[in-house]
There are 2 protein chains.
Amino acid sequence: MKKFVNEPSAVVKEALAGIAAAHPELRVDLENQIIVRSDAPRRGKVGLVSGGGSGHEPLHGGFVGLGMLDAACPGEIFTSPVPDQILAATQAVDGGAGVVHVVKNYTGDVMNFQMAAELAGDEGVEVHTVLVDDDVAVEDSTWTAGRRGTGATLIVEKVAGALAETGASAAAVAAAGTRVNEASASFAVALTACTTPASGRPGFDLPDDEMEVGVGIHGEPGRRREKLRPAREIAALAVEAVLGAKPLSAGSETIVLLNGLGGTPLIELYLLYGEVAALLDKAGVRIARNLVGNYVTSLDMAGASLTVCTVDAEVLRLWDAPVRTPALRWGA
Amino acid sequence: MKKFVNEPSAVVKEALAGIAAAHPELRVDLENQIIVRSDAPRRGKVGLVSGGGSGHEPLHGGFVGLGMLDAACPGEIFTSPVPDQILAATQAVDGGAGVVHVVKNYTGDVMNFQMAAELAGDEGVEVHTVLVDDDVAVEDSTWTAGRRGTGATLIVEKVAGALAETGASAAAVAAAGTRVNEASASFAVALTACTTPASGRPGFDLPDDEMEVGVGIHGEPGRRREKLRPAREIAALAVEAVLGAKPLSAGSETIVLLNGLGGTPLIELYLLYGEVAALLDKAGVRIARNLVGNYVTSLDMAGASLTVCTVDAEVLRLWDAPVRTPALRWGA
């Protein structure tokens, strides 16, 4: 295994120490393993919390800050955060207006966030939950009942975070997040497996001339293996999968996220984005905003995912609203 | 080779088409292979141009925009841009106040930028050049006489770009860039080699338990091969190399860039940054600003580089000034 680590079991704690050193504008609680906006809790503002297994950075810790998350609770690599940790994050951002949890649809995450929500409820904190399940590749998977949550999580967190800044209610913030999820579809292709520090070797075997079509962000199997194809054909596979699952009417406005899974260089992502944009244009889909880069990753996996989210003027306004986080920043 | 490409020879052109689709705020000239700010040339403003071989994205195209570069000219992968291309970029941003070229110290780049500067001079454009040679690993290398230019390029482009926005003269902008370069030192470690689309296989052999200490951004040999070590020891190697080459007095203020070489996930970069920050703190060096991420890359190489740049209040003010580019954005 070739990684910048010390002891494999300490990776998450030590990376959090690095985040604390790099971002003095955030409050990193090493004991509870949570990352919190330094101005939280803000009186009267809904708190937005997300989390999940580590290994998907910058998701979620890189999205904590003005206009996005109030706190993130990273679990160990590819392992759900524990209820106490989620509870600590929830309490840290509760300003009396309730807290919204953004939860990717993995069985462990769903269970632990639910338990934390109940514990918080017992202490008088009103918790609403947005479940993200945008990955149209497969129904049910290694760690998921139903569809997996992937790239749309970023868009949900951005839009819900912007709405929370306006003083909207917890119910309204959660409803906006749920609408974004429902309007989103994602599909991923892996060229290589990723290696977790704990195992020290690739999570699955993928022959040198094959790709995993519809892979999950932990390397869960997709729809099929097939021979590696040129970028334009891979783009077509992804666009067909996404539009097939959530047909768009001609003239629909969208936000498109062309996301790298961690090990794919930016030059390839841009090349792939060019193909995707041309195909969407041909399908009459309008890309109002786009984002190209490594945002929802799988450690060092070579691969990419496409997320298409249909938007209206209100969602677009919230997307454009100022955001100041380590990984996403504009207008502030 | 597992990459999102069509024909290997078309990678740069097709990635440029993707950049054009993703960033309508930039002007991508596919024929001349240059990326230009859409408001260029601006009357009376010094034009800032950089470029070099592709494969280091987001450098340089991702740094075109308000407060940074006016144009970038990407060559083929790991291949210098040609003089005509550099000339086209220079002419595209010439607003009558002169143009500054930021050139990384590789023999081909130096030669071609110089030729372009002479051609531009013949047409009455005053060109100044900032040569970046911050990599303290080795003197002379595969494609370089003297020291190689690496991570400091980002800081040079940011600071010079901010100064150019204020209406400073070409001589002043070039002088500021040169001062940043002189105040910077970088050192990189590779865990794996990168694979160019043209060759289809790793550029060098690196055994499974070894790292290249002092590697160049095209995989040029460093100081030595040695057994892979824990992150804290790798951080110590890099910090020692940097401070050994450019000793800092206690209390010095710095900008620190902990840069991924393309294939290293963010969680490892943050872990490594935590180690670097602790070591610099122990050495009495103050980190006034930092940047952690993949900015000056070597395609899919797993590895990282450390850049330390000593700053004064003026440089810090220029670093903090608004920037709006695809890869670096704040305050705008």
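The legends below describe close-up views of a predicted model.

In this predicted model, local features need pLDDT of at least 70 and side-chain atom pairs count only at pLDDT 80 or more, while totals for chains, interfaces and linings use all residues. Residues are numbered from 1 along each chain as its sequence is written, chains are lettered from A and ligands numbered from 1 in the order in which they are written, and side-chain values use heavy atoms, with hydrogens and water left out.

**View 1. The hairpin of strands β1 and β2 in chain A.** Helices (H or I, at least four residues) and strands (E, at least two) are DSSP runs, numbered from the N terminus. In a regular strand the side chains alternate between the two faces of the sheet. Strand β2(A), residues 34-37, runs antiparallel to β1(A) and is joined to it by four bridges, where two strands pair if DSSP finds at least two bridges between them. Opposite R27(A) stands V36(A) of β2(A). Four residues lie between the two strands of the hairpin, and Q33(A) takes a positive phi near 60°.

**View 2. The enclosed strand β3 of chain A and its two parallel partners.** All eight of the eight residues of β3(A), residues 47-54, are buried, so the strand is largely enclosed by the rest of the structure. Strand β5(A), residues 99-104, runs parallel to β3(A) and is joined to it by four bridges, with L48(A) having V100(A) as its bridge partner in β5(A). Strand β4(A), residues 71-77, also pairs with β3(A) in the parallel sense, over five bridges, and in this pairing G51(A) stands opposite C73(A).

**View 3. Strand β7 of chain A, with both faces covered.** Seven of the seven residues of β7(A), residues 184-190, are buried. On one side these are S184(A), S186(A), A188(A) and A190(A), and on the other A185(A), F187(A) and V189(A). Strand β7(A) pairs with β12(A) in the antiparallel sense over seven bridges, and the bridge partner of F187(A) in β12(A) is L306(A). Strand β8(A), residues 210-213, pairs with β7(A) in the antiparallel sense over two bridges, with V189(A) standing opposite V213(A).

**View 4. The surroundings of S305 in chain A.** S305(A) lies in strand β12(A), residues 303-310, and is buried, with a relative accessible area of 6%. Leaving aside neighbours within four places in sequence, S305(A) is in contact (heavy atoms within 4.5 Å) with F187(A) and A188(A), and also with L257(A), L258(A), N259(A) and L261(A).

**View 5. The tryptophan pairs of chains A and B.** Rings of Phe, Tyr and Trp (its six-membered ring) pair if their centres lie within 6.5 Å, and planes under 30 degrees apart count as stacked, over 60 as edge-to-face and the rest as tilted. By this rule there are two aromatic pairs over all chains. W319(A) and W330(A) form a tilted pair, with 5.4 Å centre to centre and 50° between the planes. This pair links distant parts of the chain, with W319(A) in helix α8(A), residues 313-320, and W330(A) in strand β14(A), residues 329-330, 11 residues apart; both W319(A) and W330(A) are buried. In chain B, W319(B) and W330(B) form a tilted pair, again with 5.4 Å centre to centre and 50° between the planes, and both W319(B) and W330(B) are buried.

**View 6. The largest cavity.** On a 1 Å grid over the protein atoms alone, a cavity is a set of points where a 1.4 Å probe fits but cannot get out, a pocket is an open set with protein on both sides within 12 Å along at least five of seven lines, and lining residues have an atom within 4 Å of a point. About 220 Å³ of space lies in the largest cavity, and 21 residues line it, of which I19(B), I35(B), E57(B), G61(B) and P74(B) lie nearest its centre. The elements that give two or more residues to this lining are α7 (266-282) of chain A together with α1 (11-22), β3 (47-54) and β4 (71-77) of chain B.

Methods
Buried < 20%, exposed > 50% of the residue type's maximum accessible area, 1.4 Å probe, protein only. Points joined across faces, edges and corners; volume = space filled by probe spheres on them.
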